[in-house]
Amino acid sequence: MSRGGQETVDASTTDVTTTAAVRATTGHWAGAARLVARLLLAAVLAYAGLVKIGDLTEAGRTVALYRIVPADSAQLVGGVLPFVEVALALLLAAGLATRAAAAGAAVLLVAYAAAIASVWARGMSIDCGCFGGGGTLSGGAARGYALDLARDLLLLGAAALLIRNPRTRYALDGWVLDPKE
């Protein structure tokens, strides 16, 4: 409408435009957060798995130190976990089967956090071995597990974000899956 040469703007049109702009900005940041979560999980799992693959015997010994699984099973668990971590990392890096890979990572992270909490609760003093190495700390020194648990819970949050909404930029899922899905 025009009054005396001036245009008037309907307030509802302005509100819709503003709401659309806010949603677009929010969607951009949410999409960026999911992309960062996917790539962060991929990087951490790849690094953890590749370091452990370098010495599978040591990985088995580290699992045995937790005293959660029988000693003969610890070697098998320690030998398999790094390959699972690398496989999940590859899927996440490619953005392929993102929801399933994030769910697999979440299962691992819950298990890792539970194992660390168990060791802490039992008063044991070991290096978690999360990124290779691992072992009993010398001199029975008390080990602070809070940072290990915080890291695992942060990564679990990233996995949960991807389970809830797995679509990210630069992912093969967009090419493989029906966009209407």
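**Aromatic pairs, a disulfide and a helix**

Start at Trp-120, which counts as partly exposed at 42% relative accessibility. The model is predicted. Trp-120 has an aromatic partner, Tyr-145, and the centres of the two rings lie 6.0 Å apart. Their planes meet at 50°, so the pair is tilted.

Tyr-145 is buried, with a relative accessible area of 2%, whereas Trp-120 is partly exposed.

The structure holds two aromatic pairs. The other joins Tyr-47 and Phe-131. Here the ring centres are 5.7 Å apart and the planes stand at 40°, so this pair is tilted too. Tyr-47 is in helix α1, which covers residues 11-53. Phe-131 is in the loop between β3 (126-127) and β4 (135-136). Phe-131 is partly exposed, at a relative accessible area of 31%.

Together with Val-51 they form a nonpolar patch with about 260 Å² of accessible area. Val-51 is partly exposed, with a relative accessible area of 32%.

Now turn to the cysteines. How many disulfides does a search of the whole structure find? It finds one. The bond joins Cys-128 to Cys-130, with the sulfurs 2.4 Å apart. Are these cysteines buried or exposed? Cys-128 counts as buried at 8% relative accessibility. Cys-130 is buried as well, at 15%. Both values are under 20%, the limit for a buried residue.

Helix α5 has 19 residues. From its first C-alpha to its last, α5 reaches 27 Å, close to the 27 Å expected at 1.5 Å a residue. Which residues of α5 are buried? They are Asp-148, Leu-149, Asp-152, Leu-155, Ala-158, Ala-159 and Leu-162. An α-helix has 3.6 residues a turn, so residues three or four places apart point the same way.

Definitions and conventions: Residues numbered from 1 in each chain as written. Predicted model: local features only at pLDDT ≥ 70, side-chain atom pairs only at ≥ 80, totals over all residues. Heavy atoms only, no water. Phe/Tyr/Trp six-rings, centres within 6.5 Å; stacked < 30°, edge-to-face > 60°. Helix = DSSP H or I, 4+ residues; strand = E, 2+ residues; numbered from the N terminus. Buried < 20%, exposed > 50% of the residue type's maximum accessible area, 1.4 Å probe, protein only. Disulfide = S-S within 2.5 Å. Patch = residues over 30% accessible without salt bridge, like charges linked within 9 Å, V, L, I, M, F, W, Y side chains within 5 Å. Areas by Shrake-Rupley, 256 points an atom, 1.4 Å probe, with all protein chains shown as cover. Salt bridge = Lys/Arg side-chain N within 4 Å of Asp/Glu carboxyl O. Expected span 1.5 Å × (residues − 1).
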